[in-house]
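The following exercises are meant for a reader who is new to this structure.

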Amino acid sequence: MPDETTDLASLAARAISPPLVTRIYTADPSAHVFDGAIYIYPSHDIDGGVPFNDNGDHFCMEDYHVFRMDSPDGEAVDCGVALHVKDVPWAARQLWAPDAARKDGRYYLYFPAKRPDGLFQIGVAVADRPEGPFQAEPQPIEGSYSIDPAVYADDDGAHYLYFGGIWGGQLQKYRDNAWAEANEEPPPDAPALGPRVARLDAGMKQFAEAPREVAIVDEAGRPLRAGDHARRYFEAPWLHKYQGRYYLSWSTGDTHFLCYATGDSPYGPFTYQGRILSEVVGWTTHHSICAYGGKWYLFYHDALLSGGVTHLRSIKMAELQHDAQGRIAMLHPYGD
Ligand code: FUB
């Protein structure tokens, strides 16, 4: 997060990408290519007048809009409201970062929301078109918890749902998939909490297995430590495959980096490799990675357009470069 004294106008002048959408605020972009077009599934940020707190209650989003781009340099067309919280029977508030998948001609929107008792769970809604409108299932996905679902479609047709975020996302309250109020983040020398992953069943609306914790290790095979805030998992998991390897990427939260690790299985373990994006304006950073026309793109957000209001963000995209070893070159959102 650039220093608060930094002149936002000078950052805007140096920004490597303009906002894709300026009519409304959008964040947490999950991008997929369906039938030759890029579809972006972001959060829809609003100013709901909720006071700021450490739980992120001011992120009080109520609906989702889907955006379509016919090419990477085309306009991001707002396809309208895809789902509203009032149409989700189990959810009370806070539609946070979503993702989507396609199977057998149907589209599945995965989204977190708080139940009336204040606990986050993950729901699914179904549509016949990539842009919706989506019809929510009456109950959240059984066994789901926390936030930030990201679905990965593997080459063999299996779909894996990654999820979880600490602090306001409540992941620190879970051990072995069970919630306890007394649970907190592990001490600094203990292994950090990892994101969770579960394969989806053939119907795409339930887990086929109990969620597993994903291990992220250093070059010596040791789990990243909870005190390693510059590298440890915080929220925003994303999985993609590049030249046969699985790449897990995530946000480090309070140190504001996007990082990645590589592995040989969608379940991990993943070995830490480095950073993808340095700090953006605004507290949160959240992304997706998607290929189009033989090039790779990072979709991300910042809060420049709102003058740095952390819950009023704008989605952006920039080309990603891999070197000959498959390492991703770190991007600086406002130049070097
Ligand atoms: O948009 C609300 C939350 O902020 C997301 O779920 C997190 O990943 C962070 O971007």
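**Exercise 1.** In which loop is the place of Q170?

Solution. The model to be examined is a predicted one. Q170 belongs to the loop between strand 10 (159–163) and strand 11 (174–175). Next, consider the backbone: Q170 has a positive phi of about 75 degrees, although Q170 is not a glycine.

**Exercise 2.** Identify the residues around the ligand and sort them by class.

Solution. Step two is to apply the classes, which gives four nonpolar, four polar and four charged residues. Step three concerns the site itself: the ligand takes up the space of the largest pocket.

**Exercise 3.** State the distances at which side-chain atoms of D28, H286 and R313 lie from oxygen atoms of the ligand.

Solution. Begin with D28, where a polar side-chain atom is 2.5 Å from a ligand oxygen. For H286, an N or O atom of the side chain lies 2.6 Å from an oxygen atom of the ligand. For R313, the distance from a polar side-chain atom to a ligand oxygen is 2.7 Å.

**Exercise 4.** Which parts of the chain does the pair of R313 and D45 link?

Solution. Recall first that side chains of opposite charge can pair when their charged atoms come close. The side chains of R313 and D45 form a salt bridge, with 2.7 Å from N to O. R313 is in the loop between strand 21 (295–302) and strand 22 (314–320), while D45 is in strand 2 (residues 37–45). The pair thus joins distant parts of the chain, 268 residues apart. In total, the structure holds 24 salt bridges.

**Exercise 5.** Describe the peptide bonds from G132 to P133 and from G268 to P269, and locate each proline.

Solution. The bond from G132 to P133 is cis, with omega near 5 degrees. P133 is placed in the loop between strand 7 (120–127) and strand 8 (135–136). The bond from G268 to P269 is also cis, with omega near 0 degrees. P269 is found in the loop between strand 18 (258–263) and strand 19 (270–277).

Key: Residues are numbered from 1 along each chain as its sequence is written. This is a predicted model: local features need pLDDT of at least 70, side-chain atom pairs count only at pLDDT 80 or more; totals for chains, interfaces and linings use all residues. Side-chain values use heavy atoms; hydrogens and water are left out. A polar contact is a pair of N or O atoms within 3.5 Å; within protein, one must be able to donate a hydrogen and the other to accept it, and residues adjacent in sequence count only if both atoms are side-chain atoms. On a 1 Å grid over the protein atoms alone, a cavity is a set of points where a 1.4 Å probe fits but cannot get out, and a pocket is an open set with protein on both sides within 12 Å along at least five of seven lines; lining residues have an atom within 4 Å of a point. A molecule sits in a cavity or pocket if more than half of its atoms lie within 2 Å of its grid points. Ala, Val, Leu, Ile, Met, Phe, Trp, Tyr, Cys and Pro count as nonpolar, Asp, Glu, Lys and Arg as charged, and the others, Gly among them, as polar. A salt bridge is a side-chain nitrogen of Lys or Arg within 4 Å of a carboxyl oxygen of Asp or Glu. Helices (H or I, at least four residues) and strands (E, at least two) are DSSP runs, numbered from the N terminus.
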